[in-house]
Amino acid sequence: MIKRLFPLLFLLVFCLSAPAHAHKVNIFAYVEGDTVHAECGFSKTKRVQGGSVHVLDAETGAVLLSGVTDDNGSFSFSIPQEARDKKMNLRLVLDASQGHRSEWVIEYSEYGGGDEPVVEESAAPVEVSSLPVENAEKLENVVRRAVKKVVVEEVAPLKKMIAEMHNEDPGLKEVAAGFGYLIGIAGIIAYLRSRKK
């Protein structure tokens, strides 16, 4: 009777087990000023050290630059002028060890959205209502760029927090799945041994 139940138990264990992602790797990147920061990790506590990061043109796949993550799983680079000139979306590809790979895309609008004309700031205070329409538009562009810069600086820590949320440690579900696989393998071994006798 027990011998007949082994195949059923084996199938039950595999059907009810959730897939385990023990070595899942993540990359998250954000723009801060002229620099892109990438955070790479297997989990919140296990960072990718010495992983290769390649920065590509997202459309053509041409490699713009490459680098290696530091001990904290971080990699930063200045946005290439070629990417700005051609208004490229950037694809960051992380190659961690043993085939672990992850990607992140940074849209051009995240780093190059400021196409407004540059206007020199005046030292003297100016009454906005007295400005000609053309100057009022230029002033609006200057204010818009200043606000955008401040928002980017203020949002950068939030982006880092989001990156850390992407890197979760294995939870109870993943641990239970691992035990399920072990029990299933033990069941197979016991079943095969019982058939030899």
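**Sheet, core and a helix**

Mentor: Happy to! This is a predicted model. It has an open sheet of three strands, in the order β1-β2-β5, and the pairing is antiparallel.

Trainee: Which strands stand at the edges?

Mentor: β1 and β5 do; each has a single partner strand, so one side of each is left without a neighbour in the sheet.

Trainee: And how many degrees are neighbouring strands turned against each other?

Mentor: On average 20 degrees, ignoring direction.

Trainee: How many bridges do β1 and β2 pair over?

Mentor: Seven, in the antiparallel sense. For one of the partners, look at Y30: its bridge partner in β2 is H37.

Trainee: Switching topic: how many residues does the largest nonpolar core have?

Mentor: That core has 23 residues, and V36, L90, L92, I106 and Y111 have the most contacts inside it. Elements giving two or more residues to this core include β1 (26-32), β2 (35-41) and α3 (108-112).

Trainee: What is I106 in contact with?

Mentor: Setting aside neighbours within four places in sequence, I106 is in contact with A29, V31, V36, N89, L90, L92 and Y111.

Trainee: Now helix α5: how far apart are its end C-alpha atoms?

Mentor: They are 37 Å apart. Helix α5 has 25 residues (172-196), and at 1.5 Å a residue they should span 36 Å, so the two values agree.

Trainee: Which residues of α5 are buried?

Mentor: A177, G180, G184, G187 and S194 are the buried ones.

Notes: Residues numbered from 1 in each chain as written. Predicted model: local features only at pLDDT ≥ 70, side-chain atom pairs only at ≥ 80, totals over all residues. Heavy atoms only, no water. Core = buried A, V, L, I, M, F, W, Y, C linked by side-chain atoms within 4.5 Å. Buried < 20%, exposed > 50% of the residue type's maximum accessible area, 1.4 Å probe, protein only. Helix = DSSP H or I, 4+ residues; strand = E, 2+ residues; numbered from the N terminus. Contact = heavy atoms within 4.5 Å. Expected span 1.5 Å × (residues − 1). Pairing = 2+ DSSP bridges. Axes fitted to C-alpha atoms, helices over the stretch in contact; angles between N-to-C directions.
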